[in-house]
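Here is a brief report on one protein and its ligand. Look over the sequence and the structure before reading on.

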Amino acid sequence: MKEKYLGVDVSPLSYEGIINDLRVRIGAGKQSTIIAVNPEKVMSAQRDPNVKELINASTYQIADGVGILLAAKIKGGGITSRVTGVDMMARLLKFAESDGHSVYFYGAKEEVVTKAIANIQAQHPNIRVAGYTNGYEKDEAALVSRIHQSGAKILFVALGSPKQELWIRRNLKSLPNVQVFQGVGGSFDVFSG
Ligand code: UDP
């Protein structure tokens, strides 16, 4: 069950809960989207109904940021631990490696995304990298076609918010082979360090 914070959905699932749920959804051929929710996004959703709709239409709204935990404590909600975007990405990389799902990386500067992939491959020697594109690619149609043809099952989009979430929403239907989409903000920068 989702919890609501000022009308914004937040998923109470842990990292493991999400991975287990994803395994079932992938098995059933369902696409899933993961969005990080923090107090800034909740406030922006109060001003802009489109932002609220964008968040609530995602499959998993992870409680990234202590502000959500604080609100849960005050409200007596069931969310007791953070699920951060960068740690969720790390869990998904482990899952991708163990379950043989290929991964595509889209976003950040060229040197950042390539360094992040090199570090990820060093940590996950059996991971299948379907491809990557830096976040300054202008030809969206060509990019979507490249991702589609790569056969990627998991796509990380690192363009910052709300750009990455809007990109995912625009292109979800054109990428039927991609089963999991996560908007990861500055996480490629973290993995590249
Ligand atoms: N970025 C990008 N293309 C753009 C704008 C930003 O690839 O058109 C990348 C930028 O290089 C950085 C990330 O998106 O790697 C933005 O990270 P930030 O921490 O600002 O995002 P947040 O987590 O705050 O949403």
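Which strands and helices do the buried residues of helix 8 pack against?

## Helix 8

The model is predicted. In it, the buried residues of helix 8 pack against strand 3, strand 5 (103–107), strand 7 (154–158) and strand 8 (180–183). Helix 3 and helix 7 (140–150) are also packed against them.

Helix 8 spans residues 163–171. Its buried residues are Gln-164, Glu-165, Trp-167, Ile-168 and Asn-171. They sit on the same side of helix 8, because they cover an arc of only 160° around the axis.

## Helix 2

Helix 2 runs over residues 39–47, with Lys-41, Val-42 and Ala-45 buried. These buried residues fall within an arc of 105° when seen down the axis, so they line one face of helix 2. An α-helix has 3.6 residues a turn, so residues three or four places apart point the same way.

The cover over the buried residues of helix 2 includes strand 1 (3–5), strand 2 (8–10), strand 3 (32–37) and helix 3 (49–56). Turned away from the buried side is a face with the exposed residues Glu-40, Gln-46 and Arg-47.

## Ligand shell

The ligand is surrounded by 14 residues. The closest are Ala-108, Gly-135, Gly-160, Gly-185 and Gly-186. By class, the shell has six nonpolar, six polar and two charged residues.

## Confidence

Mean pLDDT for the protein is 96. Of its residues, 100% reach 70 or more. The model scores are ipTM 0.94 and pTM 0.96.

Methods. Residues numbered from 1 in each chain as written. Predicted model: local features only at pLDDT ≥ 70, side-chain atom pairs only at ≥ 80, totals over all residues. pLDDT = per-residue confidence, 0-100. Near = placed C-beta within 6 Å. Nonpolar A, V, L, I, M, F, W, Y, C, P; charged D, E, K, R; others polar. Buried ≥ 20, exposed ≤ 12 C-beta atoms within 10 Å, placed from the backbone. Helix = DSSP H or I, 4+ residues; strand = E, 2+ residues; numbered from the N terminus. Arc of directions from axis to C-beta. Contact = placed C-beta atoms within 7 Å.
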